[in-house]
Amino acid sequence: MSAAAEALASRIPDALVKTAFGQTTAHVPLPGWLAAARHARDELGCTQFDWLGVEDAGRPGAVGQRHAVLLHVLDPGTKDGVLLRTELGPDDALPSVAPLWAGAAWHEREAAEMFGIALADGEPAHLLLPDSFSGHPLRKDFVLASRVVRPWPGRLEPGEDGTSAPSRRRAAPPGVPDPSWGPRREPDRTEEDRG
């Protein structure tokens, strides 16, 4: 990120600015999320909405408990932008930035539907999934039913192939069901598949 973008991020009120791997991020506490977004638009000239996304911010052993929300907006004249980040706990609701950037409404609806993020304005209508769908498929704690019904067609995930040291706890990757889902049929593998 450019020095100008780093300077923009440092001007966000109540933000802790960090730079890692060339990306400067303004970490904002949840109560200051909307004020920081408004400041970025009105005071810093970041009137162009780029994207809003969500990622799992859970610490080891707490997957799915906390989510980070990221917002990237740009100054259309200079093309310098600012990346805002806040974290939500399981009982927190995200204030909407859609009144500031209309394009953010779609991204917020996606976050609510796919990650289970609560929005302060209430639960939006479904965007991508049918109304009958239960769960939030982009959460790391969401079990992929297709992994229960039939084996994964590719290489086995670490912890699934039985090669782990017996003294280590086997950790399944996100989406792989634990043994409580029942027995799993092993795929037919040839020597070439095992590679």
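Me: How are helices and strands defined here, and how many of each does the chain have?

Reply: Helices are DSSP runs of H or I with at least four residues, and strands are runs of E with at least two, numbered from the N terminus. In this predicted model, the chain has five helices and seven strands. Read from the N terminus, the order of elements is α-β-β-α-β-β-β-β-α-β-α-α.

Me: What share of the residues counts as buried, and what does the accessible surface come to?

Reply: A residue is called buried when its relative accessible area is under 20%. By that cut-off, 36% of the 195 residues of the chain are buried. The accessible surface of the chain amounts to about 11600 Å², and carbon and sulfur atoms account for 53% of that area.

Me: Which residues have the most contacts inside the largest nonpolar core?

Reply: In soluble globular proteins, nonpolar side chains tend to be buried together. Here the largest nonpolar core comprises 33 residues, and Ile 12, Trp 33, Leu 71 and Leu 84 have the most contacts within it. At least two residues of this core come from each of α1 (3-10), α2 (33-42), β3 (48-56), β4 (67-74), β5 (81-88) and α3. The greatest contribution is that of α3, with five residues.

Me: Which residues does Leu 71 touch?

Reply: Leaving aside residues up to four places away in sequence, the partners of Leu 71 include Trp 33, Ala 37, Phe 49, Trp 51 and Leu 52. Val 82, Leu 83, Leu 84, Val 97 and Trp 101 are also among the residues that Leu 71 touches. For the chain, 53% of the contacts between residues at least 6 apart in sequence join residues at least 24 apart.

Me: Is Phe 115 buried or exposed?

Reply: Phe 115 counts as buried because its relative accessibility is 13%, which is under the 20% cut-off. This residue is found in helix α3. Beyond its neighbours up to four places away in sequence, Phe 115 touches Val 54, His 67, Glu 110, His 136, Leu 138 and Arg 139. Phe 115 and Asp 56 lie 59 residues apart in sequence, with 8.8 Å between their C-alpha atoms.

Me: What lines the second largest pocket?

Reply: A lining can be read by position, by element and by residue class. The second largest pocket has a volume of about 180 Å³ and is lined by 14 residues, with Ala 112, Glu 113, Glu 123, His 126 and His 136 nearest its centre. Both α3 (104-115) and β7 (118-119) supply at least two lining residues, and the largest share, three residues, belongs to α3. By class, the lining of this pocket comprises seven nonpolar, four polar and three charged residues.

Key
Residues are numbered from 1 along each chain as its sequence is written. This is a predicted model: local features need pLDDT of at least 70, side-chain atom pairs count only at pLDDT 80 or more; totals for chains, interfaces and linings use all residues. Side-chain values use heavy atoms; hydrogens and water are left out. On a 1 Å grid over the protein atoms alone, a cavity is a set of points where a 1.4 Å probe fits but cannot get out, and a pocket is an open set with protein on both sides within 12 Å along at least five of seven lines; lining residues have an atom within 4 Å of a point. Grid points are joined across faces, edges and corners, and a volume is the space filled by probe spheres set on the points. Ala, Val, Leu, Ile, Met, Phe, Trp, Tyr, Cys and Pro count as nonpolar, Asp, Glu, Lys and Arg as charged, and the others, Gly among them, as polar. Buried means under 20% relative accessible area, exposed over 50%, partly exposed in between (1.4 Å probe, protein chains only). Contact means heavy atoms within 4.5 Å. Accessible areas come from the Shrake-Rupley method with a 1.4 Å probe; for residues, only the protein chains shown count as cover. A nonpolar core is a set of buried Ala, Val, Leu, Ile, Met, Phe, Trp, Tyr and Cys residues joined through side-chain atoms within 4.5 Å.
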